[in-house]
Structure formats: structure tokens, C-alpha cells
Amino acid sequence: MKNIFPFDAAIFDLDGTLLDSMYVWTRVDEIYFARHGMAVPEDYGRALAGLSYRESAEYTMRRFGFPGPWEEIVREWTELAREEYACRVPLKADAREYLTALKRCGVKLAVATALPEYLYRPCLTNLGVLELFDALCSTDDTGGRGKGNGEVFLLAAERLGVAPEHCAVFEDVPEGIRGAKRAGMRAFCVLDEASRHAHSEMAEMADGVVERYADLLPWRRCAILTARCEGDPAEAYAFREGDLVLCADAGYALARRLRIAPDAVIGDFDSSDAPEGVDVVRHPVVKDDTDAMLCAKYALELGVRDFLFVGGLGGRLDHTLANLQALLYLAERGAQAALCDGLVRVQAVKNGSIRVARAMGKLSVFALGGPCEGVFIRGAKYPLEGATLTPDFPLGMGNDFTAETAEIGVEKGALLVITELKPPQS
């Protein structure tokens, strides 16, 4: 997949940037100072921001007269934090999806942290993201100096083989932002509650501010082009800026009809040849997922939560049923999921509601995968309120619109909502 990001490498701090981990150090400070009969000074965390472990320990010794050597202080701190990092520290929301999106686009990834390797490596391994990174760097690797001089970022760029001017750094403290700029790199300020006092200062220095990683995800919707479209594909799908376009194997022929260059073609290619000149993700013929499901999972990993299958009805009944199950799979994972072939639009809704625009044909609602409780249909000739639909009785079949939009919802369960876009031909 081509690189759509404005940099070739991304270098990430960990604490407060990728990891939601600052609570660990608040607790470590409380325990450490309590052992010395003191409360944690209010400005202590701010004073250490951007310093290496050695610099932090030496600062603590100077300011409070605690006994050294600095190595012993660091050992005590890290022993208090070790289990938390190895087992419980989480990633920030949508960080995994952003890392995956960068990786899929060929952006090289590095860590540049003040954490020692024996803390960050088990943590990244436990979170399942270690393999995404092409280089791992710590201030331990630059003589124990902090980030303000930019050395650790330059080391990361060197290990990645990318010139500094083509690198972007993601940091949550002023010293990190300052060091990235001194290294000649773009710097993005990731907002974290622990550094709230410095948000304005960092925003002035940084090239951009990151409130949520979800805001950085490049794709808003995924269009999955299937091998069969009963109606006019141009009526089924119109490309929108920000669409991730995936072809399920022979769905590449549909992309050519629409004159759309897909971001990737995914499948086992047992019924068609893999196209040339496009990004191909090949899977073995013997597999559990259909090619369309492979596309859906691929996009989910990239953080996409809005899906449109183009085509996918008609032809082989087993293919149709598999595509309907894919809609349920996505709905159960919090995604919006629809399928359209220009003649019919099918949507899945789980524990929620949707609005459906008036169409020329019928509106039908079915229980999908099990009983549905608290079902309502409004804006239709045959309304429902608080009803129960079951998979063994088609109570919601063949309704008519009475308003410009119909509202369909379910309190518990998953519904399949089918709209005929045109009246059936006699």
C-alpha cells in the first residue's frame, strides 16, 4: 500500500504518548517518597519530564539529599514498576490502529523512550505491538542523557536508515518536542493529562497537536468490492475522499469497471489471477475466512469502523449468506456495516438504531443470528414498538415507507435491514 503520510518514519515516545502509563509513576513516586517519610512534591513530576532515568535519579539525590548511588535509586523505581509494565499497562486508545496504518503504508516505526529495555520490551510484547517496530531506542543508549538534545531521536533515525528531515516524532513533554526539533524532525505533541500544564507550551513548538489517535487515522470508510454486482455498480458505490478501497479477489474487475485504483487486492486468487501494478495481499486457498471477510478484518486492524460491501448478493447462495454474516461480524465489533448492489441495500444493526431513507421498493427487517428484543419500526406502514423478532418467523417482511426516513432499532440483538432501492421487475 502506498505511503499517504507526510513522513517516511515515525518515532514514538512511550510513557504518556503510546502508553497510558503515567499512573504507574504517580504510584511509584508515592511509594518511594513514603519510604523516606515524605509526600511527593507537587512539582516533582514536571521537573523530571524529558529527563533520562539517570538524570532523574541524580536530580532526586541533589534536591532531597537521598542516598545514592543513582543506580540504586533507578533499581528501586523499576522494581516497583516492572510487573505493572509487563502485565497491565495499556496502549492509548486507537494507538494500535494508527501504528498498523503507518506500517501498512510502509512508514518505518521506532521507539525513543527514557524507559530501560527491561521495562519497555516486556510491555510492548504483552501488548502485541513489538513486531511493528523497526528500531527500539532508549536514553540508556545515548549515555543516559535526556531527550532535550535530540540524540535519542537521531539514533532512532540512524537505525531506521531514514534522514531526520523525513522523520516525525510523537512526544508528550516539552523536552521531547524540543529535542525532536533540534534533531531537524517534525514534532507532534500528544496530549496527556499528566502534562496538561505544558500543553500550550508544546503546541507552540510542535508541528501538530494530537488529541486522539483516531483523528489521525486516514480512512473514514472501507469499500469492499466483491466479485459480483447484480445492479449497476456506479449506483451501488460512489468514491468519497478518505475511502479505503479493497478488492476481494476477483472484485478487482469491479474496480476496473468503476475506474477506481484500489488500495489493496486481497484473496487466495483461486478463481482469478492476481493483478499486476497494485498492492496484493495473498492468502492460502485453505483458510477459514472468505476473501470478503479477509478484507473486513484487514480494514478493522486499520481502525476503520464504517463499511460498505459493493455487490455481494446473487449468484451462489453460500457467497450471499457469507457476506450477510460478515455484516453481523462487523456490527458485533461496533462498526457500521452495509451492503449494496444498486438494487438492494442491506444493513446490520446491533443493540442500536439506524435511519433508512425512503426507497421505491419494500423495507424488510429480520432477526439476525438470534432473537431480537425491543424492536421498533417507525415511518413505515406496519410499525412496531417493543416487539420481539426471531429467526424462525419473518414478521418484518415486506413493509412500505410512509415517511422520508424510517427508523429501525433493537434494544438487544442484531437486525438485518433490507431496502429495495427499486421496485422488483414483473
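In this predicted model, the buried residues of α6 pack against α1 (22-35), α3 (53-64), α4 (70-87), α5 (95-104), β2 (108-113) and β3 (135-138). Helix α6 spans residues 117-127, and its buried residues are Leu 119, Tyr 120, Cys 123, Leu 124 and Leu 127. They lie on the same side of α6 because they cover an arc of only 110° around the axis. Gly 128 follows α6 and has a positive phi, near 75°.

Together with α2 (44-48), α1 and α3 are the elements that give two or more residues to the lining of the largest pocket. The greatest contribution comes from α1, with seven residues. Nearest the centre of this pocket lie Met 22, Trp 25, Gly 45, Leu 48 and Ala 49.

In the second largest pocket, the residues nearest the centre are Ala 227, Thr 290, Asp 291, Ala 292 and His 319. Helices α12 (291-301) and α13 (317-331) each supply at least two residues of its lining, and α13 gives the most, with three residues.

| Pocket | Volume | Lining | Classes of lining residues |
|---|---|---|---|
| Second largest pocket | about 530 Å³ | 23 residues | six nonpolar, eight polar, nine charged |

Notes:
Residues numbered from 1 in each chain as written. Predicted model: local features only at pLDDT ≥ 70, side-chain atom pairs only at ≥ 80, totals over all residues. Heavy atoms only, no water. Buried < 20%, exposed > 50% of the residue type's maximum accessible area, 1.4 Å probe, protein only. Helix = DSSP H or I, 4+ residues; strand = E, 2+ residues; numbered from the N terminus. Arc of directions from axis to C-beta. Contact = heavy atoms within 4.5 Å. 1 Å grid on protein atoms, 1.4 Å probe; cavity = no way out; pocket = protein on both sides within 12 Å on 5 of 7 lines; lining within 4 Å. Points joined across faces, edges and corners; volume = space filled by probe spheres on them. Nonpolar A, V, L, I, M, F, W, Y, C, P; charged D, E, K, R; others polar.
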